[in-house]
Structures are given as structure tokens and as C-alpha cells.
Amino acid sequence: MKWMLISRVFLAGTVLFLSACASSDNALVGWFSSPEPPPEAPVEKVDINPNPETGLAYRADSRARMIESNSQNNQQTMAIYRAPNSLYQPTYTHKSLSGYAEQLTMELVKNGRQLNTQSKVGVASFVNFDNTLKQTSVLGNQLAEMLIVEVQGFGVQVVDFKTTDYIGVGADGDMVFSRDARKLSNQLNLDFILSGTLISNEKGVRVNARVISMDSKIVVASASILIPNFVVKSLQPEYVLVSD
């Protein structure tokens, strides 16, 4: 009798427990079921019209969508880089003609094995490489003047054949140089002559220099260098003529 009473009490309690679970929001079946999956992320839109040549379709990533969203909100025009239409032309530069004259002299002295401290060299203007070989420029004259200083600095004797035998005293100054052949000496006693040609191109002026023996006309040294356009233009500033 005692065991039958205990069984009936246990059975009644089980029925009451199941009834309470069925009536509540948390049903018993929910204890053993798997949790609900998280909501799926929105699918990115894909261009349904792929490129007919490659067959590839464009898919915008998060960065592209962010840029597109910002451009729509701000309504700002993006700046587009454009390549410059002209070559590099600085207003101020540390490059000068004297630096190129020094490089040219170093190459000539290194290649000219016949040059020594007893050699007598005359420096002539550099001329344009044309059919006459008689036209020079500001670059040709200034380069020759700077080469006199550079060559003499290496211990080679430089003869300045534009020096007259006298000093002309005048109201404008005391002159010793001249380009009049009648005022210059005919006996120079030169061993070598330094000169060259100028060839212009879109990047600058190619200078071809050479040291030539006066007796045999053999080139004993040669060198070549490219002087940029902005250095050449800086030798002769541009002026604006204003009418009266």
C-alpha cells in the first residue's frame, strides 16, 4: 500500500510539471532544439550585363559603396590628375653652366694622355653643327670662356689668342681683348686647340668637345655631355620690349 501511494503521488507531480511547461512560453521542446540561425547578410548586387569582351561582371566592394555613398551625400567633385604639357622648366635651379664645363674638362684631361704641363692649348668658341660650322651662340661663347678657367686649373697652359699686344685706353674703359684679326698676333705657337660642336634636341644641347693637335690635326681627347634646356635658356634671359 505504501509503494502504491508513493507511485500515485509521483505520477501526479509529473503530470502537473508537464502541464505547466506546456502552458508557459518556454516549452520543453525548446530546450532540446537548436538555436535559430542569424539573419543572412544582404547579397551584393552583381551587374547582370557582363562585359561582352571579357565575360566578367563588376561587383562593387565595401570601399566602392562607401565612396559612392559619400559622393552622393557631399556632392563634391573629385580632382583628376593631369600630366604636365611641357618639360621641366624650373625658375630657380642650382645647376649652372660652370658645373657642366667642369665635367667636360675632367673627361678631356682624363682621355688626353698627350696633354701635360708643357702643352699650349687655345680654346675656341663652340659652333652649331650645320653645313657652315661658323655659327655660334651664347652657349658656345660662354662655354669656351669657362673652359679656359677649368683647363688652366688642371695645370695645362692656355693661350688666350684674343689678347692684343697693347692696352687700348678709352672713355669706356681699358681694353686688351679684341676680335679683330688685324689686331691679334699671327704667331700663337699653339700645340693643341680645344673646341667642339653644339647639337640641339628636345631635351637640351649635346656638346661634343675635342682637343686637336695643330700639327697633325689628330684628335687627342674627346668628350660629350648633354646640357638641359633650362640651363641653356638661363644664359639668355627673355626681355619684353615696351614701346614708347
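I take helices (H or I, at least four residues) and strands (E, at least two) as DSSP runs, numbered from the N terminus. On that basis I place F129 in the loop between β2 (127-128) and α5 (138-153).

I note that this is a predicted model, in which local features need pLDDT of at least 70 and side-chain atom pairs count only at pLDDT 80 or more, while totals for chains, interfaces and linings use all residues. Residues are numbered from 1 along each chain as its sequence is written, and side-chain values use heavy atoms, with hydrogens and water left out.

Entry on salt bridges. I counted a side-chain nitrogen of Lys or Arg within 4 Å of a carboxyl oxygen of Asp or Glu, and the search of the whole structure gave 3 salt bridges. For burial I used relative accessible area (buried under 20%, exposed over 50%, partly exposed in between; 1.4 Å probe, protein chains only).

I looked up K110 and found it paired with E107, the closest N and O atoms being 3.4 Å apart; the two are 3 residues apart in helix α4, and so separated by about one helical turn. K110 is exposed at 57%, whereas E107 is partly exposed at 33%.

I then found E145 and K162 joined in a salt bridge at 3.7 Å, N to O. This pair links distant parts of the chain, with E145 in helix α5 and K162 in the loop between β3 (157-158) and β4 (163-170), 17 residues apart. K162 also meets D160 in a salt bridge, again 3.7 Å from N to O, and through shared partners E145, D160 and K162 form one network. Within it I list K162 as buried at 13%, E145 as partly exposed at 41% and D160 as partly exposed at 30%.
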